[in-house]
Amino acid sequence: MKRTILTAALLSVMSGAMAAPAPVEEIGGGATGSSQDRIAKLERILKAKQQNEFDMQRRLDQLQNEVLELRGLAEQQQYQMDQMLQRQRQLYDDIAKLSTQPAASIPSPTTSVDTPTSSLGETASYEAAVNLVLKERKYEEAIPAFSQFIAQYPQSSYAPNANYWLGQLLYNKGSLDEAKAAFVIVVDKYPQSSKRGDSLVKLGMIAEKQNDKAGASALYNSVLKEYPNSASARLAKQQLSSL
C-alpha cells in the first residue's frame with residue numbers, strides 16, 4: 001500500500017515537472033528579442049545622424065555659394081568703378097593731347113582718336129565671364145569663358161580673380177583635380193592677390209575631400225598664419241575644428 005502511494009506521488013511530481021516550461025528557453029528567447037531591439041535602435045540613431053550630417057553639408061554648400069555670389073557682386077562693383085575711372089583718365093589724357101597739338105594736326109570730327117582696344121577687349125571679356133555666373137547663372141558656360149580669358153590675357157590684372165572663379169566653378173562641379181590646378185596658380189603665381197587666402201582654404205577643402213587630412217590641416221594653418229584677421233582665416237578655423 002505504501003509502495004503504491006509513493007509510486008503515485010513520484011509519477012505526479014514527474015508529470016508536473018514535464019508539463020512546466022523550460023526557464024532557460026524563456027530567458028534565451030527574451031535576450032534574442034532585446035538584442036534585435038537594440039540593433040534596430042542603433043540603426044535608427046545612425047540613420048538620423050547620417051541625415052543630419054547630410055543636411056548640414058547641404059546647408060554649408062548653400063552658404064558657401066551665397067558667400068561666393070556676395071563676393072562676386074562686390075568684386076563686380078569694384079570692377080565697374082575701376083572701369084569708370086580708367087575711361088575717365090583716358091578721356092582726360094585724350095583732352096590733354098588735343099590741347100597740346102597744333103591746330104592743323106587736331107583730328108577732324110570724322111577721324112577717330114586711337115583707343116586702347118586691347119584693354120577694352122580685356123575688360124569686356126572678363127565682365128562677360130563674370131556675368132555668366134552672377135547675372136545669368138550659366139555656370140557650365142562660365143567655365144570655358146574664364147578659361148578662354150586666362151589663355152587670351154595671361155598678364156591681365158584680372159587673371160588671379162579669373163583663375164579663382166574658374167577653380168570655384170570646377171570645385172562646385174566636382175572636378176577637384178582641375179579646380180586644384182586653378183587654385184594653385186592663384187597661390188603660387190599671384191602672392192599679392194586678395195584671392196590667395198581664399199584659394200588656400202579651397203585647396204584645404206579639396207584635400208579633405210580627397211582624404212588628405214594632414215594636407216588640409218597644413219593649408220588651413222597657413223591661412224591662419226598668413227591672413228589671421230581675414231574672412232578666409234575664420235573659414236579655415238571652422239574647417240579645422242571639423243577635421
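Ala-129 is buried in this predicted model, with a relative accessible area of 1%, a value that places the residue in the buried class because that class takes in everything under 20%. The residue is found in helix H3, which spans residues 117-134. Leaving aside neighbours within four places in sequence, Ala-129 is in contact with Ala-142, Ala-145 and Phe-146. Phe-149 lies 20 residues away from Ala-129 along the chain, and the C-alpha atoms of these two residues are separated by 8.1 Å.

Sorted by class, the lining of the largest pocket is made up of six nonpolar, seven polar and six charged residues.

The second largest pocket holds about 300 Å³ of space, and of its 16 lining residues the closest to the centre are Leu-63, Gln-64, Val-67, Arg-71 and Leu-235. Here H2, H7 and H9 each supply at least two residues of the lining, as does helix H5 (159-173), and the largest share, six residues, again comes from H2. The lining of the second largest pocket has eight nonpolar, four polar and four charged residues.

What is the mean pLDDT of the chain, and what percentage of its residues reach 70 or more? The mean is 76, and 66% of the residues reach 70 or more. Among the elements of the chain, helix H6 (residues 176-189) has the highest mean pLDDT, 97, whereas helix H1 (residues 2-19) has the lowest, 45. Over residues 1-11 the pLDDT is below 50, and this stretch has zero contacts in the model beyond near neighbours in sequence. Over residues 91-120 the pLDDT is likewise below 50, although this second stretch has nine contacts beyond near neighbours in sequence. Where pLDDT is low, the predicted coordinates should not be read in detail.

Definitions and conventions: Residues are numbered from 1 along each chain as its sequence is written. This is a predicted model: local features need pLDDT of at least 70, side-chain atom pairs count only at pLDDT 80 or more; totals for chains, interfaces and linings use all residues. Side-chain values use heavy atoms; hydrogens and water are left out. pLDDT is the predictor's confidence in each residue, from 0 to 100. Helices (H or I, at least four residues) and strands (E, at least two) are DSSP runs, numbered from the N terminus. Contact means heavy atoms within 4.5 Å. Ala, Val, Leu, Ile, Met, Phe, Trp, Tyr, Cys and Pro count as nonpolar, Asp, Glu, Lys and Arg as charged, and the others, Gly among them, as polar. On a 1 Å grid over the protein atoms alone, a cavity is a set of points where a 1.4 Å probe fits but cannot get out, and a pocket is an open set with protein on both sides within 12 Å along at least five of seven lines; lining residues have an atom within 4 Å of a point. Grid points are joined across faces, edges and corners, and a volume is the space filled by probe spheres set on the points. Buried means under 20% relative accessible area, exposed over 50%, partly exposed in between (1.4 Å probe, protein chains only).
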